[in-house]
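Colleague: Can you walk me through the inside of this one? Core and cavities, please.

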Amino acid sequence: MTDLPFSDHAVAGKTAPPAEARSMRLPTQWLGVAPFFIFAIMFLILPTLYLMLGAFQNDAGEFTIENIVALAQPSIVAAYWISIKVSLASSLIGAFAGLAIAIAIVRGGLPNWIRSATLTFSGVASNFAGVPLAFAFLATLGRLGLATVILNTLFGLNIYAHGFNILSFWGLTLTYVYFQIPLMVVIIVPAIDGLKKEWGEAAATLGATMSQYWRMVVIPVIWPSFLGTVILLFANAFGAIATAYALTGSSLNIVPILLYAQIRGDVLHNAHLGYAIAFGMILITGLANVFYIWFRTRSERWLK
């Protein structure tokens, strides 16, 4: 008998399971992610397909494009335009303010506890929206809000006499900025962390000034991440409804509020027109997410 090491004898003494038994093993490695796929199918994919199908149907279930054509109504076009302006303004303000905060806590030489406290608060504040956020801004910047009364009493500044209104375009934009800035901080900090110290040392060795280093190295590297995050913030604000509805009611005609009115059944109730409005929102937010993924992929090539 050929001499075999002990481990080889042990392996040789074992009987390999039949091929049929191996093929009948359950794919247990997929059980962990099964709840995610089930949830996504039930609450994201199927409702989206239902809305897209309903946008091209009439009340009798027949195919039609009248709902899509009806999106050209002046009131609907105005609602889309207001939503785009609010989303764009809040995303740009939130992006630049969040970028400045992220650079300060990562590269500004501040104590470590400032960074941890800022990131913790940002993680909480980025999810603070809806009725509580609307109430907080009404209690702070409403006509009898705390900040409004303090400015008027101590400094004689009546912000409402100068044209400010919490129920207006800029009031809603300012409210959105509250959760846009922390969301920007949470997303952009890893990109700033990815800037290697060796790049700055190499630039200094070659005689580059600090402004040249930022203009020729830092900005080109984080630019895709910045643009991608701006687009993500835009999509985040474009689909928000709870905050806007609780704050302004129907006084500001944005797309989510118009869609809510169509679906719930107001005087102008038309469910299939509501599906078409939702379909338009899906196209805009879907396109925004496609660009976000593209910019994110470009930035990750530099930050690996």
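**Inside the fold**

Colleague: What is Ile188 in contact with, leaving aside its neighbours within four places in sequence?

Modeller: Ile188 is in contact (heavy atoms within 4.5 Å) with Gly98, Leu99, Ala102, Ser225, Phe226 and Thr229, once neighbours within four places in sequence are left aside. This is a predicted model, where local features need pLDDT of at least 70, side-chain atom pairs count only at pLDDT 80 or more, and totals for chains, interfaces and linings use all residues. Residues are numbered from 1 along each chain as its sequence is written, and side-chain values use heavy atoms, leaving out hydrogens and water.

Colleague: How many residues has the largest nonpolar core?

Modeller: There are 26. Ile188 and Phe226 are among those with the most contacts inside this core. A nonpolar core is a set of buried Ala, Val, Leu, Ile, Met, Phe, Trp, Tyr and Cys residues joined through side-chain atoms within 4.5 Å; buried means under 20% relative accessible area with a 1.4 Å probe, protein chains only.

Colleague: Which element gives the most to this core?

Modeller: α11, with nine residues. Helices here are DSSP runs of H or I, at least four residues, numbered from the N terminus. α5, α9, α11 and α14 each supply at least two residues of the core.

Colleague: Now cavities. What lines the largest cavity?

Modeller: Its lining includes Ser83, Tyr176, Phe238 and Pro256. On a 1 Å grid over the protein atoms alone, a cavity is a set of points where a 1.4 Å probe fits but cannot get out; lining residues have an atom within 4 Å of a point. α5 gives the most to this lining, three residues.

Technical notes
Buried < 20%, exposed > 50% of the residue type's maximum accessible area, 1.4 Å probe, protein only. 1 Å grid on protein atoms, 1.4 Å probe; cavity = no way out; pocket = protein on both sides within 12 Å on 5 of 7 lines; lining within 4 Å.
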